[in-house]
Amino acid sequence: MKYDLIVVGAGPAGMTAALYGARASKSVLVLEGEFPGGQILTSEKIENYPALPATDGYTFAENLKSQILSLGVTLESALVDRVEKREDGFAVFSGETEYRGRSVILATGLRHRHLGVPGEDALIGKGISFCATCDGMFFKNKRVAVVGGGNTAVQDALVLSELCEHVYLIHRRLELRAERELCERVFEKENVEFLGECVVSEIRGEGRVEALILEDLGTHEKKEVFVAGLFEAVGQIPQNEAFRDTVALDEFGYFVTDGSCATSCRGIFAAGDACSKSVRQLTTAVADGTVAALSAVAYIDEITRKRDAK
């Protein structure tokens, strides 16, 4: 079967794109290699989505999935490894399986780089967060830690310093990599404690984060610090490498798009956190999905008119 629109990725951006595509009476296929919802699944509570009462990420994702399925969207489990432009549209491949579409939206999302230490996997979403702006309020008047030395880590520490009793800023080097102005601001905060040349070697807690085991890289001595939350800011990895030969990526591997979410390949659009941009929030993801879908619909209608005019 050939679809009007194939969406790669079933996070908030991808499922929103599917929603708008279906509402425009287009046949839509969504391909997801893991679980519908993407990173939002790990959010314990969502409180920054306009007019939406506080809910958890799993419920948000399930509701969005149910909504698109009710509109006739087809959702399949498939890890897409390449997209090829054809004379009559696009071929999207998952291994040896080929899907055909007239337009494609890439909403592949990001993968947060993890610390890879004992206790981490079990406590993601249970005190471990990757977004201080999103989750900082849940730790008001508590002790927390931020791991990382770049702009994101320092900005997270600044956000948390306004909410939390005490913030540990942990970095494996003695000097932060963040911009000088950010570093000056964070060092002025009396409730931010910088722990340089130090790493988290273990995360402890029964059902929630309770403590961190820190190792001094100079002396190799270990100590325990008690915190209610850990914010990991050690980098994000866009999952776009499989599409490098089809669309342009920036120097960091993010999709390069214009204001209509169009990529360098006509007929392929991109949406969400995998795109090159400065703000990555749930609201911006669904906004991208909306714009990408409407742009794809306009593209499909255009090529249909040209075909019918022949």
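A crossing of helices is termed left-handed if the near helix is turned anticlockwise from the far one by less than a right angle, and right-handed if clockwise. In this predicted model, local features require pLDDT of at least 70 and side-chain atom pairs pLDDT 80 or more, whereas totals for chains, interfaces and linings use all residues. Residues are numbered from 1 along each chain as its sequence is written, and side-chain values use heavy atoms, without hydrogens and water.

By this criterion, α1 passes α7 in a right-handed crossing. The contact (heavy atoms within 4.5 Å) involves Pro12, Ala13, Thr16, Ala17, Tyr20 and Gly21 of α1, and residues of α7 including Leu282, Gly289 and Val297. By class, ten of the contact residues are nonpolar, four are polar and none is charged.

One disulfide (a pair of cysteine sulfur atoms within 2.5 Å) is found in the whole structure. The bond links Cys131 to Cys134, with an S to S distance of 2.3 Å, and is right-handed, with 70° about the S-S bond. Relative accessible area classes residues as buried under 20%, exposed over 50% and partly exposed in between (1.4 Å probe, protein chains only). Cys131 is buried at 16%, whereas Cys134 is partly exposed at 26%. The sulfur of Cys261 lies 6.1 Å from the closest cysteine sulfur, that of Cys275, and is therefore too far for a bond. Cys261 is buried, with a relative accessible area of 5%.

His171 is likewise buried, at 4%. Leaving aside neighbours within four places in sequence, the contacts of His171 include Gly148, Arg177, Phe194 and Cys198.

Methods. Helices (H or I, at least four residues) and strands (E, at least two) are DSSP runs, numbered from the N terminus. Ala, Val, Leu, Ile, Met, Phe, Trp, Tyr, Cys and Pro count as nonpolar, Asp, Glu, Lys and Arg as charged, and the others, Gly among them, as polar.
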